[in-house]
Structure formats: C-alpha cells, structure tokens
Amino acid sequence: MENIILLSILVLGGIALIASVILYFVSQKCAVEEDTRVAEIENLLPQANCGACGKAGCHDFAVACAAADAKTFSNLFCPVGGASVMGKIAALLGYQTTAKEPTLAVLRCNGTCQNAPAKIIYDGIDSCRIAAGISSGQSGCPNGCLRLGDCVKVCKFGALSINPQTGIPVVDEEKCTSCGACVKTCPRGLFEIRPRGRDGNRVYVACRNTQKGALARKNCAVACIGCMKCTKINPEITVADNLSYIPAGVSADQYGEALVKACPTGAIVCTGKQTPEEKAHD
Amino acid sequence: MTKLKTFRIGGIHPNKYKITTDSPIIDAGLPDIVTIPVKQHIGAPAKILVQKGDKVKVGTLLADADGIVSSDVHSSVSGEILKIEETEGEFGYLEKMITIKVEGDDWAPSINRSDDIIREIPFSAEEIIAKIREAGIVGMGGAGYPTPIKTTIPENRKIDFLIINGIECEPFLTADDRLMVEKAEQIVIGAKILNKALGIQNAIIAVDENKPHAVEILSRLSKSYIGVNVQVCATKYPQGGEKQLINAVTGREVPSGKLPADAGCIVQNVGTVNAVYEAVLKNKPLFERIVTVSGDACLHPANFRVRVGTPASFLIEKCGGLTENTAQVIFGGPMMGTSAFNINAPVTKLTSGILLLSDKLAHKAPAGDCIRCAKCVEVCPVGLQPFMIGRLVRAGMLEETREFHPLDCIECGCCAFTCPAHLPLLDYCKLAKAELKRKK
C-alpha cells in the first residue's frame with residue numbers, strides 16, 4: 001500500500017519535473033518580446049472594447065499607441081476615455097497631446113409622438129432596420145426616427161433610452177462616450193457626434209428630412225423646411241436638399257438664441273447653458 | 001390516378017379564399033389623375049423623356065430604359081402631364097412619378113385595338129426581343145425583372161424548358177386565373193412567341209389543380225399548338241416561386257445563388273406572356289394589367305383590368321370603399337405582399353392584388369417561445385432552419401446566422417404561417433438577410 005503511494009508520488013513528480021524543465025527552456029527560447037508599455041497603457045484604457053477608436057479593441061489600441069511615434073500618436077484617440085485618458089497615455093509615452101474638444105452623440109430628429117403623430121399601427125418586430133424596410137415609419141417621415149430603439153440596444157454604455165412620453169431616444173450626457181455605435185446602427189442616420197459645447201451649450205438642426213417644405217410639415221410639426229432663414233444669421237450654415245445643417249463651428253453662445261428665434265418651424269434646437277448645479281441634477 | 005407533380009420539400013396549404021374565381025375581368029375605367037412611377041422594375045429607374053405640360057396619348061413612351069437592367073415606361077392614359085416630381089409611394093417613401101391629368105381616351109395609332117386573335121408570328125428571335133424591350137415588359141409575377149434580359153439566353157447556357165407560371169398560389173388572388181380563362185389563346189400564342197425567341201419547342205404551362213376551368217381550356221387549345229403543353233400540378237404554397245416551380249415541373253434544382261437559366265429553365269408569368277403577345281402582335285406596350293381587389297373586408301370583390309398609375313383608392317372605391325372593419329390594406333398577396341402605407345399609391349406593372357383584410361385575418365397573435373417542434377424546418381421550401389435564424393437574431397448574433405443561409409430565403413412566409421408559437425420568423429430572416437447584405 002505504501003509502495004503504491006510512494007510510486008505514484010515519484011512517477012507524477014518525475015513527470016512534473018521533466019515537463020517543467022521542458023517548459024522553462026521553451027519559454028526562454030520562444031519568448032515573444034512585448035513592449036512592457038502595452039500592458040501599462042492597457043491598464044489606463046476603459047476596457048470597453050467598443051472599437052470606437054477604430055482598432056479591434058483596447059489591447060489593439062494599446063499596441064498601436066506603443067508603436068506610434070510623436071506624429072502618428074496625435075491621430076490616435078480613445079473617445080470613451082477622452083482627453084484625461086489620452087493625457088495619461090501621452091505622459092507615459094512622453095508625447096504631447098493635442099487637446100480635443102469633448103464630444104457626444106446628438107439625435108437630429110425631434111419627431112416625437114406629439115410632433116409627428118403615428119398614422120399607422122406597426123405590429124412587426126422591434127427593429128428599426130426592419131421597419132425602415134417596410135415603410136417610411138409610423139409618422140410617415142421617410143427620414144425620421146422610427147422609435148423602435150435599435151440605438152438603445154447597441155449602446156454599450158447605457159447612455160440611450162427611449163423616453164416613454166415622446167417615443168424617441170434621449171442621450172444621457174453623463175454616460176455618452178461618443179463611441180459612435182448609434183451613428184452606425186441608426187438606419188436613418190440620425191445621430192451625429194458633435195462637440196459638447198461650452199457649458200453644454202449646443203445648437204443644431206434636429207431634423208434630417210429632405211422633402212420639400214409642405215410635404216415635410218405634413219408629417220411633422222418641427223420639420224426643417226429649408227427656408228434659408230438661418231443662413232442669413234450665420235453664412236456658415238448650409239442648406240442642401242431642403243435641409244439645413246449647422247456646422248459645429250457655429251457658436252451656440254453667440255448665435256444660438258437668434259437661430260432658434262429665426263427658425264419658423266422650431267427645427268433648430270439650442271440646449272442652452274447648463275450651470276454646474278443643473279448638471280449635477282441631470 | 002397518378003400523383004400530381006409538386007416541389008420536393010416543404011410547403012403549406014393555407015386557406016384559398018379565392019372569392020373572385022368566377023368574376024369576369026371588368027374594365028376599371030379611367031381615374032381623373034394617374035401617377036406613373038418611373039421605376040416599376042428591378043434595376044435603374046428609367047430616364048424621363050417628357051416635360052410638364054406635354055400632351056401624351058395612350059402608349060406614348062414616357063421614360064426610356066436607362067442601362068441594360070431597366071425598362072421603358074409608357075403612358076397608360078391620354079392627357080396632359082401635370083407634374084414630374086417625387087411623390088409618396090405605397091411605402092410612404094418618395095418615388096419619382098409622372099402625374100398625368102386624364103383627358104379622353106386617345107390611343108397611339110400604332111396600337112392594334114381589335115379583338116381579333118393573330119396567330120402568325122412573322123418575326124425573328126431578335127425582332128421579338130426588340131419588341132419586348134420596346135414595350136417595357138417586366139416580370140409581372142411580382143419581381144419585376146425586365147423580360148428582354150430573361151429572354152436573352154446567356155452564352156454557354158442551354159435552355160431546355162420554358163415554364164409559363166400559372167400557379168398563383170397566394171390566397172385571394174385570381175388575376176392570373178381569370179386571365180388564363182379569358183385570354184387562353186393569347187397566352188398559348190405568347191408561349192409560342194417566347195419559344196421562337198428562345199429557339200426551343202418546349203413551353204410548359206404549369207397550372208395547379210384548383211383552377212379546373214383554366215386547365216380545361218388551356219389543355220384543349222394546346223393540342224392545336226405544337227410545342228406548348230399544359231402541366232397540372234398539385235396545389236401547394238409556394239409553388240408559384242420560380243425555383244419551386246422548376247423543381248415541381250422538371251425535377252431539377254436551381255443551386256443556391258444561381259439563376260433558373262443555370263438549370264436550363266426560363267420561367268415567365270402568364271401575365272407577362274399575355275403582355276408579350278400583345279406587344280409583339282398588337283404593338284401594345286405594357287400599360288395595363290389585371291388586378292384582383294378582394295379580402296374579407298371588401299364589399300364587392302372583383303377582377304379589374306387596370307391602367308398602370310391608377311390610384312389603389314380608386315379601385316377600393318369601386319369595390320365599395322374602405323369598410324369599417326378594414327384593419328389592413330395589402331398590395332399583392334396576403335403571404336408575400338406588403339402592407340400599404342399609402343392607399344393613394346398607384347397600381348404598377350407588378351401589383352397583382354389589393355386586399356382589404358379585417359382584424360380577424362390581419363391580427364397578429366402575441367409571440368410565445370420556441371418549443372423546438374421544427375414545423376418551420378418541415379415547411380421551408382428552401383430547406384432552411386428558420387428557428388435557428390430566429391434564435392440567433394433574437395440574441396443579436398446576426399453575423400453567426402450566415403451558417404444558416406438566410407440569403408437563400410425566398411421570403412414566402414411558410415415558417416411564420418405555421419409556427420404554433422406565432423414567432424415572427426420571417427421578420428427575423430429578413431433582418432438577418434438585410435444585415436448580411438449590408439456587410440457584404
């Protein structure tokens with residue numbers, strides 16, 4: 001009996017010894033030289049693996065950072081971590097960061113249940129992509145929000161939710177990392193990554209309808225009709241296909257109020273300045 | 001009695017609801033205004049040749065085929081062009097349409113309007129194809145693939161069979177059935193014309209057994225025409241599908257991603273064949289078609305001969321209007337048709353029916369959970385596993401559905417029809433298809 005125990009300890013121990021020796025030499029011989037900084041950078045990253053930076057995941061991004069020189073490093077940016085994370089990575093690598101304005105996703109549609117009432121009953125599956133293939137949507141606007149929440153499903157940060165009163169998604173400013181998943185998913189292309197603006201003050205056209213004015217208004221009370229009034233306030237604003245577009249460069253502080261006042265349909269939205277207390281309240 | 005031919009796998013037997021089988025085709029008359037879309041086919045929209053204010057006659061060319069996969073569009077009425085602009089179509093999306101105010105009924109002089117049947121075909125194959133192209137004929141079964149391309153045999157392919165599709169397996173629809181009864185000889189001659197264009201002597205008119213009247217007339221006629229035969233098939237949905245019909249009639253399989261021509265077959269709808277007859281021997285472009293207006297909420301169901309561009313609401317009015325209990329209006333058949341967003345949308349070359357369904361038929365039962373009964377696998381005529389595609393789509397694993405070949409789905413809806421848990425399997429397959437196509 002003792003023999004068996006002793007024998008098995010010796011045999012197994014021997015195998016373990018031989019295997020460990022082999023493994024030691026193989027690991028010495030076949031060691032992969034990995035930049036030690038990669039692991040350090042990876043620790044700094046948010047580990048969301050969202051792919052918003054254009055790389056396959058956080059590890060891939062860390063490898064790219066470690067391999068970059070001062071010039072190519074400036075092209076790398078983690079939208080989720082933002083400037084603070086990029087600052088830390090730059091400090092680690094000894095590069096300079098160029099300050100990037102913080103951004104967030106903006107829904108360019110205000111086709112709520114009230115502004116654009118439903119004309120049909122949709123009883124298909126909850127998928128904007130399917131609904132867009134079947135018809136122009138409940139409201140009839142061929143460019144508007146379908147209110148079925150494909151964007152909510154795809155958001156990894158829980159920043160999007162459908163407002164039960166209005167039916168359209170709302171962006172949680174605190175949670176949005178501007179990763180751009182919603183931009184890619186929305187079959188109507190309603191999301192845009194825009195700068196957050198000073199104190200959260202942004203101005204944009206909350207409409208993507210390219211129909212002529214009368215047709216657009218038939219389906220939605222707050223549709224852009226391409227009347228060009230906004231272009232008179234700031235010449236940087238362009239109107240194409242009966243639809244106005246306010247570039248990010250147009251200052252909300254300076255023009256916001258005037259633009260909202262000038263827009264006859266209320267398609268232009270200015271979020272207004274937010275005091276720190278308001279922000280905390282949100 | 002020998003067993004009737006049908007396709008190998010899958011298929012269902014929905015209620016027929018063929019209310020209008022014995023209603024003769026009646027002329028729908030002329031509406032005040034028609035809107036004619038410039039894209040009524042697969043491929044590029046046609047190039048518009050007319051301008052606002054132009055006077056047109058019935059049969060005037062309005063838009064010219066733009067490219068090879070495209071088709072001519074002709075005026076279906078005489079009158080003045082009011083506007084050419086983007087107009088709301090049947091899905092609520094804007095489509096380019098030509099709006100014409102109807103003034104009288106003045107036909108182009110080149111069209112032979114007599115009812116005499118012409119039996120001689122004094123044209124060569126090339127001339128026939130050219131005439132089909134000039135007449136703007138597209139597959140009238142619903143796909144809208146331009147007929148001249150289908151009739152031009154690709155190089156190094158040999159066509160053995162021309163199959164004329166008279167199956168009409170969708171419930172409610174009787175447009176093809178009535179056409180076969182009333183225009184039997186025209187269809188047989190049309191088949192001869194296509195035979196000549198393809199250089200074969202083997203046209204098979206496939207009709208299913210629930211159309212005894214059409215079978216009887218066509219069988220009698222085909223005896224006096226060499227190269228045209230009638231094949232009676234068992235009734236099963238979706239036998240009218242191109243690949244299913246080829247399998248039913250010839251026993252051949254069209255491989256995944258291949259065309260019927262690869263299996264040596266060409267399939268044409270009876271409506272298309274009648275249009276070919278009229279185009280080649282009567283010089284009449286394709287500007288009218290037979291439309292069944294039916295449904296359980298329709299007061300006076302009927303089969304109409306309708307000019308392309310007639311608003312659907314005009315036909316609905318003729319049949320007693322939208323009734324209180326109409327829950328859904330469908331363009332096409334109830335299985336594969338589309339729920340209409342806008343009932344003022346025009347009838348196109350592809351509209352086979354307009355159905356008014358009551359809540360009883362339109363109602364969707366709430367979806368339950370899959371019980372793995374595999375009924376969807378049993379009925380899928382393509383041999384897919386719809387429940388697996390559905391599971392993966394619900395889990396958000398769209399890329400992984402590729403293994404289950406949703407791209408081969410013909411969207412017949414057998415799976416959703418048969419599912420005891422009322423799962424929207426067809427929607428899931430469509431979603432997977434759309435996603436895979438987008439990524440490709």
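Colleague: In what order do the four strands of the open sheet in chain B run?

Modeller: The order is S2-S8-S7-S4, with antiparallel pairing. Quick caveat: this is a predicted model, where local features need pLDDT of at least 70, side-chain atom pairs count only at pLDDT 80 or more, and totals for chains, interfaces and linings use all residues. Residues are numbered from 1 along each chain as its sequence is written, while chains are lettered from A and ligands numbered from 1 in the order in which they are written.

Colleague: What counts as a strand, and as a pair?

Modeller: Strands (E, at least two residues) and helices (H or I, at least four) are DSSP runs numbered from the N terminus. Two strands pair if DSSP finds at least two bridges between them.

Colleague: Which strands sit at the edges?

Modeller: Strand S2 (33-37) and strand S4 (55-56) of chain B, each pairing on one side only.

Colleague: And how many bridges join S7 and S8 of chain B?

Modeller: Nine, in the antiparallel sense, between S7 (residues 79-88) and S8 (residues 94-102) of chain B. In that pair, B:Gly79 stands opposite B:Val102.

Colleague: Switching to helices: at what angle do H3 and H7 of chain B cross?

Modeller: Roughly 45°, and the axes of H3 (residues 175-182) and H7 (residues 270-282) of chain B come within 9 Å. Axes here are lines fitted to C-alpha atoms, for helices over the stretch in contact, with angles from 0 to 180 degrees between N-to-C directions.

Colleague: Which residues make the contact?

Modeller: From H3(B) there are B:Asp176, B:Leu179 and B:Met180, and from H7(B) there are B:Val270, B:Gly271 and B:Asn274. Contact means C-beta atoms, placed from the backbone, within 7 Å.

Colleague: What about chain A, how many residues of chain B are in contact with it?

Modeller: 13 residues of chain B are in contact with 14 of chain A. H13(B) gives the largest share of chain B's side, four residues.

Colleague: Last one: how many helices and strands does chain B have?

Modeller: 13 helices and 17 strands. Its C-alpha trace spans about 65 × 50 × 45 Å along the principal axes of chain B.

Notes:
Contact = placed C-beta atoms within 7 Å.
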